[in-house]
Amino acid sequence: QVQLVESGGGVVEPGGSLRLSCAASGLTEAYYTVGWFRQAPGKEREGVGNLIINDNDGSVYYRDSVKGRFTISRNNAKTMIYLQMNNLKPEDSGIYYCAVPGPRRLGTLGPALYDFWGQGTQVTVSS
């Protein structure tokens with residue numbers, strides 16, 4: 001069973017940085033993708049980016065609005081997945097989640113394919 005726990009959220013001024021962490025357990029070779037999502041009040045959950053965690057493929061995909069500012073990475077053991085966020089903007093505010101699709105399924109930036117979710121961590125970008 002996959003379990004995910006996010007941390008690292010907080011309040012930051014525009015232009016600032018945060019690094020979110022996702023502590024993962026149960027990510028065997030059957031799981032191919034870890035995604036980061038966010039949800040602002042009154043808005044739908046949207047994909048921020050996803051990382052292919054196969055040992056032979058470390059591809060990363062980002063939504064256009066965060067390209068060049070956000071970076072997803074992981075440790076070798078696949079127990080920690082990070083979201084480094086730089087040059088943060090007020091529109092980046094929301095609850096951030098990490099998520100994993102079911103076994104042997106690749107995820108995309110759409111949340112519907114993901115079966116396992118963390119509890120989320122709040123990010124607020126405000127002056």
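Visitor: Which residues form one aromatic cluster here?

Guide: Phe37, Tyr97, Tyr114 and Trp117 make up one aromatic cluster. The model is predicted, with local features requiring pLDDT of at least 70, side-chain atom pairs counting only at pLDDT 80 or more, and totals for chains, interfaces and linings using all residues. Residues are numbered from 1 along each chain as its sequence is written, and side-chain values use heavy atoms, with hydrogens and water left out.

Visitor: How many aromatic pairs does the structure hold, and why is the pair of Tyr31 and Phe116 given its geometric label?

Guide: Five aromatic pairs are present. For Tyr31 and Phe116 the ring centres are 6.0 Å apart and the planes stand at 80°, so the pair is edge-to-face. Tyr31 sits in the loop between E3 and E4 while Phe116 belongs to strand E10 (residues 114–117), so the pair ties together parts 85 residues apart in sequence. The rule takes rings of Phe, Tyr and Trp (its six-membered ring) with centres within 6.5 Å, calling planes under 30 degrees apart stacked, over 60 edge-to-face and the rest tilted. The strand labels are DSSP runs (E, at least two residues; helices are H or I, at least four), numbered from the N terminus.

Visitor: What makes Tyr31 count as buried or exposed?

Guide: Its relative accessibility is 10%, so Tyr31 counts as buried; the cut-offs are under 20% relative accessible area for buried, over 50% for exposed, and partly exposed in between (1.4 Å probe, protein chains only). Phe116, at 16%, is buried too. Tyr97 and Trp117 also form an edge-to-face pair, with 6.1 Å centre to centre and 85° between the planes. Tyr97 is in strand E9 and Trp117 in strand E10, so this pair ties together parts 20 residues apart in sequence. The burial labels are buried for Tyr97, at 10%, and partly exposed for Trp117, at 27%.

Visitor: Which residue lies over the face of Tyr97?

Guide: Arg45 lies over the face of Tyr97, at 3.9 Å from the ring centre. The test asks for NZ of Lys or CZ of Arg within 6 Å of the ring centre and within 35 degrees of the ring normal. Arg19 is placed over the face of Tyr82, at 4.1 Å from the ring centre.

Visitor: Why is the contact of Lys78 and Glu29 called a salt bridge?

Guide: The side chains of Lys78 and Glu29 meet at 3.5 Å, N to O. Lys78 is in the loop between E7 and E8 and Glu29 in the loop between E3 and E4, so the pair ties together parts 49 residues apart in sequence. The name applies because a salt bridge needs a side-chain nitrogen of Lys or Arg within 4 Å of a carboxyl oxygen of Asp or Glu. Lys78 has 7% relative accessibility and counts as buried, whereas Glu29 is exposed at 55%.

Visitor: How many salt bridges are there in the structure, and which residues do shared partners join into one network?

Guide: The structure holds seven salt bridges. Arg38 and Glu46 form one of them, at 2.7 Å, N to O; Arg38 is buried at 5% and Glu46 partly exposed at 26%. In another, the closest N and O atoms of Lys67 and Asp64 are 3.0 Å apart. Shared partners join Arg38, Glu46, Arg63, Arg69 and Asp92 into one network.

Visitor: What is in the largest nonpolar core, and which residues have the most contacts inside it?

Guide: The core has 29 residues, with Leu27, Trp36, Leu83 and Met85 having the most contacts inside it. Elements giving two or more residues include strand E3 (18–25), strand E4 (33–39) and strand E8 (80–85). E3 supplies the largest share, four residues. A nonpolar core is a set of buried Ala, Val, Leu, Ile, Met, Phe, Trp, Tyr and Cys residues joined through side-chain atoms within 4.5 Å.

Visitor: Which residues does Leu83 touch?

Guide: Not counting residues up to four places away in sequence, Leu83 touches Leu18, Arg19, Leu20, Trp36, Val48, Phe70, Thr71, Ile72 and Tyr96. Contact here means heavy atoms within 4.5 Å.
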